[in-house]
Amino acid sequence: GFAALLMSFATMPGILLLRWLLFRFMFMSGVVKLLSLDRSWWDLSALSYHFFTQPLPTTIAWHAAQLPAGFLKFATGTMFVVELVLPFLIFAPRRLRFVAAFGFLLLESLIFLTGNYNWFNLQTMLLCLPLFDDAALRSILPSRLPRLLQPKPHAQRPAVTAAVSAVALLLVFCSLVRMDLRFGGSPPEFARTVDGWFSPLNMVSAYGLFSIMTTKRREIVIEGSYDGVEWHEYEFRYKPGDVMRAPPWNIPHQPRLDWQMWFAALDNPQRLRWFWRFLERLLENEPTVTALLASNPFADKPPLYVRAQFYDYTFAGREEKAAGQWWDRQLLGQYFPAVHLKVRPGQ
């Protein structure tokens, strides 16, 4: 039954499959950065931009951005070692596996401290657990916890073991096809056909994060007005807006709207129908939408007009930071023109 299937994944085939997943995720994260030919990765300057251009920085990101350029280049090079070299230790003897695990955990912890990536870093850190054996876990966990987590003896059913092994082989096969394609290879027709059969199930992914480093931070600031002359800004809960507000923490929450606004700044607003609907709901003062924001300057009466301005944001300097300012910003122009409702609700 289902319990037997879960128990099977706690055996060696399941452990190896989890290690293979961690290998693909970490290794391909490094590979895509180099395959993109992005200059900032190749000259190791990426971290000079990353801390203030990432979707939702933390307060610690401001301090990390102040580190010397030489140190940031060294840190970028070290990151490549973690992502491109240490993954091969996943399949090495136990002590070398531990080296890989601690390297991954250190990298993910630093990302966790400087950027709000919700539960993503926590998931990656959890994937490091299969790199440790029982003896290592017993030495660091409270004495009672291993006993509570110890699975009850369960007879292995050959049919279940065979099914799990078949699924594991299929996952490895399809993931190798995806990796080959990412490297620009040309897998055999049979391999691509098999991968195509199971592709709708989304069982595997090519993975790869931050292949292109954004070097500028464009922020969308939405404003509303009663007369089209005097405008007031809407403040979001998590993304940068007010330059005096410290970047907030939101881990492990996933603020979908704030994340989408970061991606919208990289796109053409004419193609973003959700953004049009968002502005329309602000014109209607829709409570379920305004509740997603930190403040609504039109709480008593909806605005007649809304528009979106485009700003360039950078971290404030040390002197400005000492005065309580976290960001500098410069108006670039208009992101979305002023709009109004032809027919207002209730009319």
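**Entry 1: α11 and α12**

I began with two helices and noted that α11 and α12 are roughly perpendicular to each other. The model is a predicted one. I looked up the angle behind that description: α11, residues 158-182, and α12, residues 189-198, pack at about 115°. Their axes lie 10 Å apart. An angle of 65 to 115 degrees counts as roughly perpendicular, and α11 and α12 therefore get that description. I also noted the hand of the crossing of α11 and α12, which is left-handed.

Next I listed the residues that meet. From α11 I wrote down Leu 170, Phe 173, Cys 174, Val 177 and Arg 178. Across from them, α12 brings Phe 190, Ala 191, Val 194, Asp 195 and Phe 198. I sorted the residues of this contact between α11 and α12 by class and got eight nonpolar, two charged and no polar.

**Entry 2: the sides of α12**

Which residues of α12 are buried? I found Ala 191, Val 194 and Asp 195. They span an arc of only 100° around the axis, so they sit on the same side of α12. I then checked what the buried residues of α12 pack against, and it is α11. On the other side of α12, I found Glu 189, Phe 190 and Trp 197 exposed.

**Entry 3: α6 and α7**

I moved to a second pair. Helix α6 covers residues 69-84 and helix α7 covers residues 94-114. They pack at an angle of about 130°, and I noted 10 Å between their axes. Angles of 65 to 115 degrees count as roughly perpendicular and those over 145 as roughly antiparallel.

For the contact I wrote down Met 79, Val 82 and Glu 83 on the α6 side. On the α7 side I have Gly 103, Phe 104 and Leu 107. By class, the contact of α6 with α7 has four nonpolar residues, one polar and one charged.

**Entry 4: His 50**

Last, I looked up a single residue. His 50 belongs to helix α4, which runs over residues 47-53. Is His 50 buried or exposed? Its relative accessible area is 11%. Buried means under 20%, so His 50 is buried.

I then asked which residues His 50 is in contact with, leaving aside its neighbours within four places in sequence. I noted Tyr 117, Phe 210 and Met 213.

How values were computed:
Residues numbered from 1 in each chain as written. Predicted model: local features only at pLDDT ≥ 70, side-chain atom pairs only at ≥ 80, totals over all residues. Heavy atoms only, no water. Axes fitted to C-alpha atoms, helices over the stretch in contact; angles between N-to-C directions. Helix = DSSP H or I, 4+ residues; strand = E, 2+ residues; numbered from the N terminus. Parallel < 35°, antiparallel > 145°, perpendicular 65-115°, else oblique. Left-handed = near helix turned anticlockwise from the far one by under 90°. Contact = heavy atoms within 4.5 Å. Nonpolar A, V, L, I, M, F, W, Y, C, P; charged D, E, K, R; others polar. Buried < 20%, exposed > 50% of the residue type's maximum accessible area, 1.4 Å probe, protein only. Arc of directions from axis to C-beta.
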